[in-house]
Amino acid sequence: MKLENQNIVIISNEPWGDIWYSKQNYAYELSKLGNKVFFIDPPQPYEWKNLFSNHFILKKYSDNLSIIQYRNRLPAGKFNKLNNQWVTKELEHYLTSIGVNNYLLWTFDPVRLNDPRLFKNAKYKIFHCVDIYKFEYYPNLKILLQHVDTMFSTAQSFIDEYSPYTKAPMRIVPHGISNEEFTISDSELEKFDLELKNYNLYVGVIDARIDYELLEKLLIQNPNEKFVFIGPLRIPDNPYAHKIFIEKKYHNLIIAGPRHFKTLKVFIHYAKSCLALMDKSYFGNLVHHHKTLVYLTQGKPVFSILCEAYHGLEDFMYLYDSHEDCLNMFKYFIENGENPELAQKRIDYAKKYSFENVLKNASSILHELTPNLS
């Protein structure tokens, strides 16, 4: 089985919208290969009337990509297992009604619709692990691992964590970047709407995963540098975060709000440097940071915590293991600049992870694992 001209059902734990994660990017790129992709949003907010009917809504994004919305029949929590059984059966019936009977199931969600055995019309079932999920928070994850046909993973550490719980083959299929991110047209540049350029940029959800203490130190150390943050605000109960984003204590911080994923490259284009100031206390932050590839496609200097994915990349990324290291590297960069040849090294590295290459590899893996499926 190759990833061309297939029916593919993707289950996502994050909804379709302006903010794109791996799930949205995979759906979009798979649809460009001629596959008919059906992206299953997480459920709409629960209402008691859902108990009596479940109305599926299909929205077309493109000829080959559709988003399907649904509501849970029962409240999540104590009824999770029964609800998943009920909704999965209804989803199967709905897919059949629109002519989708023989499909590849590709789930990113460890919580919802997570019993692969219930997808009777799926010819093959993949769990794509893009983060670490602890069993105490995701008790049904063991069922998912036990009954998938294969597990893709963006990191070896995730494979090491889950290998005792599944007999399915496990393969590395990493985060990817669209070929569209390497070029910017004049019409795309017209979407730039900030009143400044040559800033230091963070893109992504502004939440508990950020090292706000380090950010404050950078703001104080570099009062003449502008730091732009693009993304939805989900400010945690953190005194540093409160000072920076609620009290807005620092004049050199610009809160630009969210932008559609496909416009981020324009804002990266005008950045002096890009930031991945992730908190070391979050295990997943020591594995990888999805937006780093988006930064590297344009050859931008990236200041990032040293993590699993970036070992050996110290020659073209600014990788730190402590606040002091980061502050010193940033100070040197601001005062001295850098070798212009580094930009091309970063672009060349990012090209290795283009979806053209990532999906070609995933297709080869599936072809190897499913010799009897077309």
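Is Arg-171 buried, partly exposed or exposed at 26% relative accessibility? Arg-171 counts as partly exposed, where buried means under 20% relative accessible area, exposed over 50%, and partly exposed in between (1.4 Å probe, protein chains only). The model is predicted, so local features need pLDDT of at least 70 and side-chain atom pairs count only at pLDDT 80 or more, while totals for chains, interfaces and linings use all residues. Residues are numbered from 1 along each chain as its sequence is written, and side-chain values use heavy atoms, with hydrogens and water left out.A search of the whole structure finds 18 salt bridges, a salt bridge being a side-chain nitrogen of Lys or Arg within 4 Å of a carboxyl oxygen of Asp or Glu. One of them pairs Arg-171 with Glu-368, with the closest N and O atoms 3.5 Å apart. This pair links distant parts of the chain, 197 residues apart: Arg-171 is in strand β8 (residues 170-172) and Glu-368 in helix α12 (residues 355-369). Helices (H or I, at least four residues) and strands (E, at least two) are DSSP runs, numbered from the N terminus. Glu-368 is exposed, at 51% relative accessibility.

A salt bridge also joins Lys-262 and Glu-180, whose closest N and O atoms lie 3.0 Å apart. Lys-262 belongs to the loop between β11 (253-257) and α8 (264-269) and Glu-180 to the loop between β8 and α5 (186-189), so the pair ties together parts that are 82 residues apart in sequence. Lys-262 is buried, at 16%, whereas Glu-180 is partly exposed, at 28%.

Arg-259 and Asp-193 form a further salt bridge (2.9 Å, N to O). Arg-259 lies in the loop between β11 and α8, and Asp-193 in the loop between α5 and β9 (199-203). Arg-259 is buried, at 18%, and Asp-193 is partly exposed, at 46%. Through shared partners, salt bridges join Glu-29, Lys-32, Glu-180, Glu-181 and Lys-262 into one network.
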